[in-house]
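Thank you all for making time this morning. I would like to walk you through one chain, going from its overall make-up to a few individual residues.

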Amino acid sequence: MAVTHLGSISFSSSMPSITSPSLKHPFNLNKNKPLIVAAMSDDPVREWILSEGKATQIKGISPIGGGCINRATRYDTDAGSFFVKTNRSIGPSMFEGEALGLNAMYETGSIRVPKPYKVGSLPTGGSYIIMEFIEFGASRGNQSALGRKLAEMHKAAKSEKGFGFHVDNTIGSTPQINTWMSDWVEFFAEHRLGYQLKMAREQYGDPTIYKRGQRLARNLGPLFKNVVIEPCLLHGDLWSGNMTHDKNGEPVILDPACYYGHNEAEFGMSWCAGFGGDFYKAYFEVMPEQPGFEERRDLYMLYHYLNHYNLFGSGYRSSAMSIIDDYLRMLNV
């Protein structure tokens with residue numbers, strides 16, 4: 001679900017004020033300046049770049065590979081470069097959720113993310129998002145820096161509303177329900193495991209994984225004994241394809257599925273993220289490890305295995321089923 005993009009640009013902080021009628025809560029490019037879903041035009045991306053993007057000339061437009069859901073394009077202009085993602089079949093709600101997440105992470109001033117500028121509808125159907133274009137470095141990134149910066153984001157951004165997010169968004173192309181709840185265990189059981197289990201039952205007619213998974217979801221409490229859980233801002237889909245570093249070697253994270261949740265849930269994609277010892281050491285220096293961390297690691301991976309099962313098919317079922325059965329034995333339920 002990752003998209004690769006190269007290039008960099010520095011923009012002034014005086015981007016335009018806009019609001020989206022389809023958002024529950026408009027997101028701010030700056031503290032007091034909301035973003036809009038653009039009005040319709042023949043080419044709204046070009047129109048925005050040549051007006052509010054402060055460019056007078058588009059020098060080149062080139063496709064960028066990497067994504068399996070959206071099309072990614074680089075726009076080179078006399079005002080610098082922009083990164084644009086388009087989807088010809090999905091309306092702007094998916095990109096609205098992404099932009100809200102990017103902006104929330106951006107405003108923490110911790111780890112680097114591309115700054116979102118504009119979300120809108122395409123005249124022929126579908127939608128687009130315009131964002132900052134970041135030049136990626138050629139050398140391998142620093143795991144310690146990634147762990148520290150990620151922990152700083154988790155520590156800096158917490159929600160007073162509880163667990164959830166301002167809007168529902170997507171994990172890959174799967175809907176991710178973010179209705180606010182005050183209890184993390186209930187939130188994770190209902191909106192993460194429960195939703196995916198229902199999808200598996202409806203899509204594959206799989207009563208076994210549904211029944212066993214629901215039994216686990218109803219009995220998660222002992223795994224969180226003596227744990228302090230705060231609603232931290234999470235990237236939500238942190239795997240190797242969504243992590244990189246800029247030309248200065250600073251970590252960059254992309255393509256989020258943000259919500260406020262238990263910080264340990266951020267490691268749910270660790271099976272394909274490549275987090276090493278240096279990453280965890282630096283992370284826990286900022287956000288100390290809590291009792292039972294190792295026992296909960298597979299639980300958070302389960303959500304993503306279930307999502308991959310629903311997205312990509314039966315190749316992921318055995319991994320999800322194995323985790324469920326292991327926890328049922330551990331919890332003796």
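This is a predicted model: local features need pLDDT of at least 70, side-chain atom pairs count only at pLDDT 80 or more; totals for chains, interfaces and linings use all residues.

Residues are numbered from 1 along each chain as its sequence is written, and side-chain values use heavy atoms, with hydrogens and water left out.

The chain has eight helices and 14 strands, where helices (H or I, at least four residues) and strands (E, at least two) are DSSP runs numbered from the N terminus. Of its 333 residues, 57% count as buried; buried here means under 20% relative accessible area, exposed means over 50%, and partly exposed lies in between, with a 1.4 Å probe and protein chains only. The chain exposes about 14000 Å², of which carbon and sulfur atoms supply 47%, the areas coming from the Shrake-Rupley method with a 1.4 Å probe and, for residues, with only the protein chains shown counting as cover. Among contacts with a separation of 6 or more, residues 24 or more positions apart account for 69%, a contact being heavy atoms within 4.5 Å.

Let me turn to the helices. Helix H2, residues 93-106, has 14 residues and reaches 20 Å from its first C-alpha to its last, close to the 20 Å expected at 1.5 Å a residue; the expected span is 1.5 Å times one less than the number of residues. Twelve of those 14 residues are buried, so H2 is largely enclosed by the rest of the structure, and the buried residues include Phe-95, Glu-96, Glu-98 and Asn-103. In helix H6, residues 277-286, the buried residues are Phe-279, Tyr-280, Ala-282, Tyr-283 and Phe-284, and what covers them includes H3 and helix H7 (293-312).

Helix H3, residues 143-156, also holds Lys-155. Leaving aside neighbours within four places in sequence, Lys-155 is in contact with Val-286 and Met-287, and its C-alpha is separated by 9.0 Å from that of Asn-263, 108 residues apart along the chain. In helix H5, residues 207-217, we find Gly-213, which is buried with a relative accessible area of 3%. Beyond neighbours within four places in sequence, Gly-213 is in contact with Leu-197 and Ile-324.

Now the strands. Which strands pair with E8? Strand E6 (residues 80-87) pairs with E8 in the antiparallel sense over six bridges, and strand E7 (residues 116-121) is joined to E8 by five bridges, again antiparallel; pairing requires that DSSP find at least two bridges between the strands. Within E8, Met-131 is the bridge partner of Phe-83, while Ser-127 is the bridge partner of Ser-121. Six of the six residues of E8 (residues 127-132) are buried, so this strand is largely enclosed by the rest of the structure. The hairpin of E7 and E8 has five residues between the strands, and there Gly-125 takes a positive phi near 105°.

On the subject of phi, most residues other than glycine have a negative value.

His-235 is found in the loop between strand E11 (232-234) and strand E12 (243-245), and at 0% relative accessibility it counts as buried. A polar atom of the His-235 side chain lies 2.4 Å from the backbone oxygen of Leu-254.

Finally, the cysteines. How many disulfides does a search of the whole structure find? The search finds zero, a disulfide being a pair of cysteine sulfur atoms within 2.5 Å. Cys-232 is buried, with a relative accessible area of 1%, whereas Cys-272 is partly exposed at 24%.

Terms used: A polar contact is a pair of N or O atoms within 3.5 Å; within protein, one must be able to donate a hydrogen and the other to accept it, and residues adjacent in sequence count only if both atoms are side-chain atoms.
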